[in-house]
Amino acid sequence: MNTSFDQTSPITSRWDQEGIEYVRSNLDWCARCSRRMVGLNPGLTAEQALDLAHELSLDESLRCKSPELVAEDLHRVTLNTDVA
């Protein structure tokens, strides 16, 4: 049973989660993500990194995260799969 208090309790925002950062412009998000990817992997060209960042930005769960965090997570996953 819902009371009137339950109905007015604040709803937690997804932006309050750790690693979440709102970046208004998709172009800005892609630029920041690709810049971090090139910084982590100098063998990656800026064009390749920007194309990959654009693909990643299409995933809603990744797009709401900090672009630098997404690039670092991708780099970590790549390192782990190279070792295995």
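1. The chain has 5 helices and 0 strands, where helices (H or I, at least four residues) and strands (E, at least two) are DSSP runs numbered from the N terminus. Along the sequence, the pattern reads α-α-α-α-α.

2. The model is predicted: local features need pLDDT of at least 70, side-chain atom pairs count only at pLDDT 80 or more, and totals for chains, interfaces and linings use all residues. Residues are numbered from 1 along each chain as its sequence is written, and side-chain values use heavy atoms, with hydrogens and water left out.

3. The average pLDDT (the predictor's confidence in each residue, from 0 to 100) is 81 for the chain, and 71% of the residues score at least 70. Confidence is lowest in helix 1 (residues 4-8), with a mean of 54, and highest in helix 3 (residues 46-57), at 96. Where pLDDT is low, the predicted coordinates should not be read in detail.

4. Of the 84 residues of the chain, 23% count as buried; buried means under 20% relative accessible area, exposed over 50%, and partly exposed in between (1.4 Å probe, protein chains only).

5. Helix 2 (residues 26-40) comprises 15 residues and spans 21 Å from its first C-alpha to its last, close to the 21 Å expected at 1.5 Å a residue; the expected span is 1.5 Å times one less than the number of residues. Its buried residues are W29, C30, R32, C33, S34 and M37.

6. S57 belongs to helix 3. Why does S57 count as buried? Its relative accessible area is 7%, under the 20% limit. The side chain of S57 reaches the backbone oxygen of H54 at 2.7 Å.

7. The largest pocket holds about 150 Å³ of space. A pocket is an open set of points on a 1 Å grid over the protein atoms alone, where a 1.4 Å probe fits, with protein on both sides within 12 Å along at least five of seven lines; lining residues have an atom within 4 Å of a point. The lining of the largest pocket consists of 11 residues, of which N41, L44, L74, H75 and T78 lie nearest its centre. Helix 2 and helix 5 (67-83) are the elements that give two or more residues to this lining, and helix 5 supplies the largest share, 6 residues. By class, the lining has 7 nonpolar, 3 polar and 1 charged residues.

Note on methods: Points joined across faces, edges and corners; volume = space filled by probe spheres on them. Nonpolar A, V, L, I, M, F, W, Y, C, P; charged D, E, K, R; others polar. Polar contact = N/O pair within 3.5 Å; in protein donor to acceptor, adjacent residues only side chain to side chain.
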